Amino acid sequence: MSLISRLPEILSVTRLLSEESEHAEKFLGLPLWIWQLLNLALFVGLLLYFIARPLADAFRKRQRKIEEHRKEAEKQRAHVLQLAAELRERTARVEREIAQIREQGRVDGEEAHAALAVRADEEAARIRKDAGEEIERRLSAAKAELRQAAADQTASGASNILSREITQDDRQRLLTESMARMKEAR
């Protein structure tokens with residue numbers, strides 16, 4: 001069959017289809033585009049209710065947690081800075097104390113050195129004095145011993161010379177003169 005002979009049938013089918021399409025363009029007396037718009041609005045509403053609201057709540061909770069963590073981190077940072085400042089202060093105090101101890105040790109050492117030097121000088125002076133006195137005693141003793149020895153030698157020599165050269169008359173005369181001198185001295 002040819003297309004032309006079928007044309008009345010095609011036209012009747014297209015008319016039925018157009019009637020159905022007019023009929024399909026309306027549902028419950030409202031145009032289809034209103035139903036589509038209502039369907040879209042309902043879908044967006046359901047999305048907002050079941051997805052957007054829980055996501056927003058989750059994001060708010062996460063934001064609160066992040067804010068809490070940030071505040072806690074700031075508190076910890078402030079605490080760490082305070083501890084660091086205290087540590088720097090303590091370190092500075094310890095360094096000052098060490099410097100004072102070193103200075104005191106140096107001063108004490110100088111004082112001890114000076115005291116030892118004074119004591120050593122005093123001890124050296126005492127030893128020199130004692131040595132000088134000991135030298136003087138020994139020198140005096142040696143001089144006395146030397147005088148005694150010289151006197152003994154002189155007396156011995158004189159006695160030898162006198163015993164060889166003095167006669168009995170000389171002895172009598174010397175004895176008489178000595179006695180007279182003694183009487184005069186009294």
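How far apart in helix α2 are E134 and R137, in helical turns? I looked this up before anything else. The two residues sit three positions apart in helix α2 (residues 32-165), so about one helical turn separates them.

**Ground rules**

I am working on a predicted model, where local features need pLDDT of at least 70, side-chain atom pairs count only at pLDDT 80 or more, and totals for chains, interfaces and linings use all residues. Residues are numbered from 1 along each chain as its sequence is written, and side-chain values use heavy atoms, with hydrogens and water left out.

**Fold**

I read off three helices and two strands in the protein chain. Their order along the sequence is α-β-β-α-α. Helices (H or I, at least four residues) and strands (E, at least two) are DSSP runs, numbered from the N terminus.

**Exposure**

I checked burial next. Of the 186 residues in the protein chain, 1% count as buried. Here buried means under 20% relative accessible area, exposed means over 50%, and partly exposed lies in between (1.4 Å probe, protein chains only). The protein chain exposes about 17200 Å². Carbon and sulfur atoms supply 61% of that area. Areas come from the Shrake-Rupley method with a 1.4 Å probe; for residues, only the protein chains shown count as cover.

**Salt bridges**

I searched the whole structure and got twelve salt bridges. The criterion is a side-chain nitrogen of Lys or Arg within 4 Å of a carboxyl oxygen of Asp or Glu.

I went back to E134 and R137. Their side chains form a salt bridge at 2.5 Å, N to O. E134 is partly exposed, at 29% relative accessible area. R137 is partly exposed too, at 48%.

Then I turned to helix α3 (residues 168-185). E177 bridges to R173 at 3.5 Å, N to O. These two are four residues apart in the helix, so about one helical turn lies between them. E177 is partly exposed at 32% relative accessibility. R173 is partly exposed at 42%.

R181 is exposed, with a relative accessible area of 56%. I also noted a network: salt bridges that share partners join E67, R70 and E74.

**Positive patch**

K61, R62, R64 and K65 form a positive surface patch. K61 is found in helix α2. Patches take residues with over 30% relative accessible area and no salt bridge; like charges are joined within 9 Å, nonpolar side chains (Val, Leu, Ile, Met, Phe, Trp, Tyr) within 5 Å. Lys and Arg count as positive, Asp and Glu as negative; His and the chain ends are not counted. Each charge is placed at NZ of Lys, CZ of Arg, CG of Asp or CD of Glu.

**Aromatics**

I counted one aromatic pair in the structure. Y49 and F50 form this edge-to-face pair, at 4.8 Å centre to centre with 85° between the planes. Rings of Phe, Tyr and Trp (its six-membered ring) pair if their centres lie within 6.5 Å; planes under 30 degrees apart are stacked, over 60 edge-to-face, the rest tilted. Y49 is partly exposed at 47% relative accessibility, whereas F50 is exposed at 55%.
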